Structures are given as structure tokens and as C-alpha cells.
Amino acid sequence: MAHLYVCSLTKVVDTVRASGARSLITILTAGSSLARPSEIIPERHLRLAVSDIDADQDGHVLANRAHIESLLAFAGAWDRREPLVIHCYAGVSRSPAAAFILACALAPQRAESELASELRRASPTATPNRRLVALADRILARDGRMSAAIAEIGRGADCYEGAPFALELA
């Protein structure tokens with residue numbers, strides 16, 4: 001069974017080691033740095049320079065179609081033998097959005113609402129970035145169901161940093 005793990009920047013090394021992951025997705029603001037855990041080879045590490053915003057802001061990178069296509073291509077090449085870890089700065093918005101997107105893409109037989117509910121059960125603090133989800137919704141031709149499912153679970157509980165969590169892909 002394949003698993004997606006989601007965590008914050010401060011929990012990357014611990015989450016990679018505890019999960020046995022050999023693939024990593026980093027979603028941080030442009031210019032942010034991360035020392036890649038030694039368990040992850042460079043070819044299995046995707047870095048996306050995306051700010052946690054929903055509209056253009058000077059000095060920030062707004063998520064676009066190319067970011068989602070890169071995310072989907074990376075996940076499509078993942079063999080699912082070991083878990084995949086996805087992180088952003090706080091583990092609350094961008095990385096939960098990416099996990100939801102990948103769950104929808106990699107388990108297309110599962111309903112978006114079911115996956116969003118599973119995300120909420122796994123993380124009471126997750127507030128997936130709506131722009132990332134909306135872009136993926138269009139690319140995956142989900143006719144608004146992904147965005148509606150995320151709107152249905154609502155904003156997560158306020159926190160400074162989300163606790164690591166996992167989603168299981170059936």
C-alpha cells in the first residue's frame with residue numbers, strides 16, 4: 001500500500017527516516033533552502049518554488065499550471081514501493097494541497113469528497129491551498145469536484161506548524 005506523508009520543514013528529516021521514504025517533494029517560497037535528507041537521491045527530489053498565496057503579490061511566485069504538471073509528472077514516476085514525503089514551510093497549506101492532488105490523481109477511483117474527508121481526519125490543521133487545488137482540478141478534469149471537496153472540509157484549526165500525517169492510497 002502506497003503512502004503520502006505530509007510535514008513541515010522542521011520535520012522533513014524525521015518524517016523521511018521514520019517513514020522509510022525515498023522520494024521527496026519540497027514546496028517552498030523561491031529562495032528558501034533545504035538540505036536534502038541523505039536518504040533521498042537528487043533524482044527523487046522535486047523542488048517547487050511556490051509561495052503560499054492565492055493571488056499575485058510582488059516578490060512572490062503564484063502557483064501555475066506548470067507547477068501542477070511537474071508535481072503530477074513526478075508522482076507519476078514514483079514507483080510506490082516506499083512512501084513519498086511532501087513538505088512545505090508549515091505543513092498546513094501547500095503540502096496538504098499537493099497530497100490531496102496526488103491522492104486524486106493516483107487513486108482516480110476514489111471520490112474527491114472521500115479523499116478530502118480522509119485528509120481532514122488525518123490532519124485537523126490542514127488548510128489546503130485553494131489555488132493549487134483549483135489548478136489541479138482543471139488539469140485532472142474533475143469539473144470542480146476537487147475544489148468543492150476542499151471547500152466542504154473548511155479551514156483547519158489554527159496552528160503555527162501542522163503535525164506530520166499520512167494518507168494511504170488504495
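Q: Before we start, what does contact mean here?
A: Contact means heavy atoms within 4.5 Å. Keep in mind that this is a predicted model.

Q: What's the overall layout, helices and strands?
A: The chain has six helices and five strands. Going along the sequence, the order is β-α-β-β-α-β-α-α-α-α-β.

Q: And how does the radius of gyration sit with a compact globule?
A: It agrees: a compact globule of 170 residues would come out near 15 Å, and the chain has 14 Å. The C-alpha trace spans about 40 × 40 × 30 Å along its principal axes.

Q: How much of the chain is buried?
A: Buried residues are 52% of the 170. As for the surface, the chain exposes about 7900 Å², with carbon and sulfur atoms supplying 50% of that.

Q: Switching to the inside: which residues touch the most other members of the largest nonpolar core?
A: That core has 41 residues, and the ones touching the most other members are L4, I25, I86, F100, I101, L102 and L119. Helix α3, residues 94-106, gives the most to this core, with nine residues. Another core lies apart from it, with eight residues, among them L24, L34, I40 and V85.

Q: Tell me about I86. What is it in contact with, leaving aside neighbours within four places in sequence?
A: Quite a list: L4, Y5, V6, C7, I25, I27, S95, A98, A99 and L102. Among those partners, L4, I25 and L102 are also on the list of core residues that touch the most other members.

Q: Now the serines. Where's S19?
A: S19 is in helix α1, which covers residues 12-19. Its side chain reaches the backbone oxygen of T15 at 2.8 Å.

Q: Is S19 buried or exposed?
A: S19 is buried, because its relative accessible area is 15% and the cut-off for buried is under 20%. Beyond its neighbours within four places in sequence, S19 is in contact with Y5, P83 and V85. V85 is one of the residues in the eight-residue core.

Q: And S51, where does that lie?
A: S51 is in the loop between β3 (45-49) and α2 (65-77).

Q: Why does S51 count as buried?
A: Because its relative accessibility is 2%, and anything under 20% counts as buried. Apart from neighbours within four places in sequence, S51 is in contact with T29, H60, V61 and R94.

Technical notes: Residues numbered from 1 in each chain as written. Predicted model: local features only at pLDDT ≥ 70, side-chain atom pairs only at ≥ 80, totals over all residues. Heavy atoms only, no water. Helix = DSSP H or I, 4+ residues; strand = E, 2+ residues; numbered from the N terminus. Buried < 20%, exposed > 50% of the residue type's maximum accessible area, 1.4 Å probe, protein only. Polar contact = N/O pair within 3.5 Å; in protein donor to acceptor, adjacent residues only side chain to side chain. Core = buried A, V, L, I, M, F, W, Y, C linked by side-chain atoms within 4.5 Å. Rg over C-alpha atoms; globule rule 2.2 N^0.38 Å. Areas by Shrake-Rupley, 256 points an atom, 1.4 Å probe, with all protein chains shown as cover.
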